[in-house]
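Good morning, and thank you for coming.

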Amino acid sequence: MNRDYLQSALQTFNGGNWYGWKKEDDNGNVIPNDQRMTYANIKIIKDGATMPTEAEVNAKIQEIKDAETQRENDKVSAQNKLKALGLTDEEIEAL
């Protein structure tokens, strides 16, 4: 899965749906779509929302990645335990 970790992390701040992406830079130049979704181009679109620091966003991204890794490790561990009990791959898959 090719996940957009930046947007996943941003959704965890300010109750979600608080940000958008700038379409123009400070000089009025159009930002190409493939370059817009970066921390530098975040704009607040929800009243009362505050901009998290880049360090906070990066920490949240790492937290999300670590949780995904842990889930995968737990899945493999559980499958290995079931195999040790004598279940076949097909039986494990059926669970």
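The protein chain carries 12 positive and 17 negative side chains, and the centres of these two sets lie 3 Å apart. Here Lys and Arg count as positive and Asp and Glu as negative, while His and the chain ends are not counted. The place of a charge is taken as NZ of Lys, CZ of Arg, CG of Asp or CD of Glu.

Please note that this is a predicted model, in which local features need pLDDT of at least 70 and side-chain atom pairs count only at pLDDT 80 or more, whereas totals for chains, interfaces and linings use all residues. Residues are numbered from 1 along each chain as its sequence is written, and side-chain values use heavy atoms, with hydrogens and water left out.

Let me turn to the fold. The protein chain has 4 helices and 2 strands; these are DSSP runs, helices being H or I of at least four residues and strands E of at least two, numbered from the N terminus. From the N terminus on, the order is α-β-α-β-α-α. The radius of gyration of the protein chain is 20 Å, well over the 12 Å that the globule rule gives for 95 residues, so the chain is more spread out than a compact globule. That radius is taken over C-alpha atoms, and the rule is 2.2 Å times the number of residues to the power 0.38. Along its principal axes, the C-alpha trace spans about 65 × 25 × 20 Å.

How much of the protein chain is buried? Buried residues make up 23% of the 95 residues, where buried means under 20% relative accessible area, exposed over 50%, and partly exposed in between, with a 1.4 Å probe and protein chains only.

I come now to the aromatic rings. The structure holds 2 aromatic pairs. Rings of Phe, Tyr and Trp (its six-membered ring) pair if their centres lie within 6.5 Å; planes under 30 degrees apart count as stacked, over 60 as edge-to-face and the rest as tilted. The rings of Trp18 and Tyr19 have centres 5.3 Å apart and planes at 65 degrees, so this pair is edge-to-face. Both Trp18 and Tyr19 are buried. For Tyr19 and Trp21, the ring centres are 5.5 Å apart and the planes at 75 degrees, so that pair is also edge-to-face. Trp21 counts as buried, at 9% relative accessibility.
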